[in-house]
Amino acid sequence: MLTPALAATTFLVLIPVVETLWMSLHNVILFRPRSAPFVGLANYAHALADPVFWSSLGNSVIWVGGAVSLQFGLGLGTALLLNRSFAWRGIARALVVVPWALPSVIIGLIWTWMLDFNLGVLNEIGVRLGLLSAPIAWLAQPDTAMAAVILAVVWQGFPFFAVTLLAGMQAIPFDLYEAAALDGAGPFLRFRYVTLPGLAEVIATTLLLRMIWVANSLDLIFVMTGGGPGTATQTLPLHAFLTAWSGGNYGEGSALAVIFTLILLSVVVIHVRRTHRQ
Amino acid sequence: MIERKRFARGRRLVLTELPIVAILGFALLPWMWMMLSSFRPDAELTQSPITLWPRTLTLAHHIELLQRTSFIWNLRDSLVVATGTVSLGLMLSLPAAYAFSRYRFRGRQPLRVQFLVINMFPVVMLILPLFVLMRQLGLLDTYYALIAGHATFTLPFASWMLTSYVDGIPVSLDEQAAVDGATPLQVLLRVILPVVMPGVVAVGAYMFIASWNEYLFALMLAGQHVRTVTVALQLFIGENQIQWGLLMAGGTLVALPAVILFLFVQKQLVGGLTKGAVVG
């Protein structure tokens with residue numbers, strides 16, 4: 001009973017990885033399922049020679065950097081506020097997680113709807129308040145599309161940081177704050193020397209989990225812009241997905257997936273090494 | 001004294017409660033705007049410049065969605081897939097978690113780490129081979145394909161979380177049962193399961209929400225005969241015209257189960273995450 005479960009789990013999880021590696025070394029075109037000749041590293045060479053690969057890599061860096069830092073900042077601020085006592089704290093803490101529970105597809109829909117050029121509420125409010133001189137087609141312009149998808153993913157992800165960091169803060173013994181206050185530390189010093197060190201482990205882990213998650217997630221961008229306009233919001237996993245899904249080229253798509261995984265893996269290893277040393 | 005109290009109250013209002021209100025506004029208003037939009041007639045939705053405050057509310061979109069489109073069958077498909085994912089996932093992850101926690105077998109530690117690492121494997125890495133595999137097996141566009149697909153990406157996290165729950169149960173309980181002549185399976189079902197029930201419920205809820213919310217697998221591994229709600233919603237986005245009313249009504253209905261379930265189990269899930277933070 002135990003061995004089969006373990007075996008089945010391993011099978012379900014590991015087989016796809018092995019198969020991806022295999023496909024990345026073969027010329028797998030969906031419409032020619034019977035002939036998939038071995039091509040060595042040709043898929044990799046072809047993928048790396050494509051300028052879209054490099055722009056997608058750049059987009060991935062902006063996407064992950066922008067999304068994770070903003071999610072973290074907003075989440076930390078929310079956690080600090082929710083860690084204070086006020087009458088309706090329980091309700092506020094429960095409700096703040098709502099965006100986290102929603103399907104990415106619906107989050108994409110909501111923000112596409114709110115950012116719509118003609119019918120979007122954000123353009124309307126912006127114009128009424130005088131912040132915008134005219135409505136903007138947020139998702140159709142290369143320079144605003146990336147900001148728009150990052151806004152949507154920040155909305156989706158900041159509750160994750162808020163609740164996990166809050167849980168971490170509540171595990172910090174209250175005496176530490178009292179002792180710091182006795183020593184004359186003000187709110188900022190208490191935050192700097194009590195809260196942050198107490199949270200260090202939780203921060204390291206949540207940042208890592210979130211970075212991986214944001215780097216991998218492509219459904220939100222896929223739904224909102226499909227990677228466009230042009231390739232302005234095309235991240236590396238989306239590039240891999242589209243190469244296979246719309247292009248039918250499973251060999252190169254798999255090669256891209258492997259390259260992306262290796263990049264992500266090395267970033268993660270560096271992050272883990274650094275946090276372990278500290 | 002009263003003055004000071006009032007000052008403290010005012011301070012709390014300005015420095016804590018108002019910022020919280022602003023953050024909650026950011027978190028909730030977009031969701032509420034979707035729900036509000038689903039109750040506004042087409043005339044108001046497609047009128048530019050838009051009106052912020054609705055003049056009339058209507059159930060027309062919800063009724064059209066449930067009566068004239070296949071949405072009700074999509075809801076059924078989503079329900080079947082999510083329930084199947086939870087059943088398969090728990091059947092595999094609970095024994096796996098038990099094995100990880102109790103047995104010292106060769107390759108246990110690497111395998112356990114492997115499960116953590118696999119969490120970070122890009123979805124594209126899983127989805128492309130699964131598509132090809134399911135195609136070869138002739139399982140594309142069936143419940144099996146989608147349930148297996150959703151299991152692959154929920155299992156690692158589920159086993160990881162359940163392992164930390166099982167770790168929290170003293171081994172003496174197992175030993176006592178073994179002395180009384182129970183087989184490992186009986187120990188798992190009669191001794192461990194009742195104690196880790198809260199964890200099982202939380203993990204089950206997590207898998208249900210993850211499957212219910214999932215889009216890419218549902219699009220790629222199915223989509224015609226088996227069409228989940230997340231895929232169905234996208235069909236209201238036409239080449240030339242977007243049916244915002246139907247989209248908003250569908251979004252409102254699909255989001256509700258996930259939000260309600262999440263509110264119930266969020267404490268356990270966050271506990272599992274932070275526990276994982278300490279273990280990892």
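Colleague: Which residues in helix 6 of chain A meet helix 8 of chain A?

Modeller: This is a predicted model, in which local features need pLDDT of at least 70, side-chain atom pairs count only at pLDDT 80 or more, and totals for chains, interfaces and linings use all residues. Residues are numbered from 1 along each chain as its sequence is written, while chains are lettered from A and ligands numbered from 1 in the order in which they are written. From helix 6 of chain A, A:I107, A:G108 and A:W111 meet A:A148, A:L151, A:A152 and A:Q156 in helix 8 of chain A. Contact here requires C-beta atoms, placed from the backbone, within 7 Å; helices are DSSP runs (H or I, at least four residues) and strands likewise (E, at least two), numbered from the N terminus. The residues of this helix contact divide into 5 nonpolar, 2 polar and no charged, where Ala, Val, Leu, Ile, Met, Phe, Trp, Tyr, Cys and Pro are nonpolar, Asp, Glu, Lys and Arg are charged, and the others, Gly among them, are polar.

Colleague: At what angle do helix 6 and helix 8 of chain A pack?

Modeller: Two packed helices are described by the angle between their axes and the distance between the axes. Helix 6 (residues 104-114) and helix 8 (residues 142-170) of chain A pack at about 130°, their axes 10 Å apart; the axes are lines fitted to C-alpha atoms over the stretch in contact, with angles from 0 to 180 degrees between N-to-C directions. The two helices of chain A are therefore oblique to each other (under 35 degrees is roughly parallel, over 145 roughly antiparallel, 65 to 115 roughly perpendicular, and the rest oblique).

Colleague: How many helices and strands are there in chain A?

Modeller: Chain A has 13 helices and 0 strands. Its C-alpha trace spans about 75 × 60 × 35 Å along the principal axes.

Colleague: Which residues have the most contacts inside the largest nonpolar core?

Modeller: They are B:I127 and B:L221, in a core of 154 residues. Such a core is a set of buried Ala, Val, Leu, Ile, Met, Phe, Trp, Tyr and Cys residues joined through C-beta atoms within 7 Å; buried means 20 or more other C-beta atoms within 10 Å of the residue's own, the C-beta atoms being placed from the backbone. Helix 8 of chain A provides the largest share of this core, 15 residues.

Terms used. Two residues are in contact if their C-beta atoms, placed from the backbone, lie within 7 Å. A residue is buried if 20 or more other C-beta atoms lie within 10 Å of its own, exposed if 12 or fewer, and partly exposed in between; C-beta atoms are placed from the backbone.
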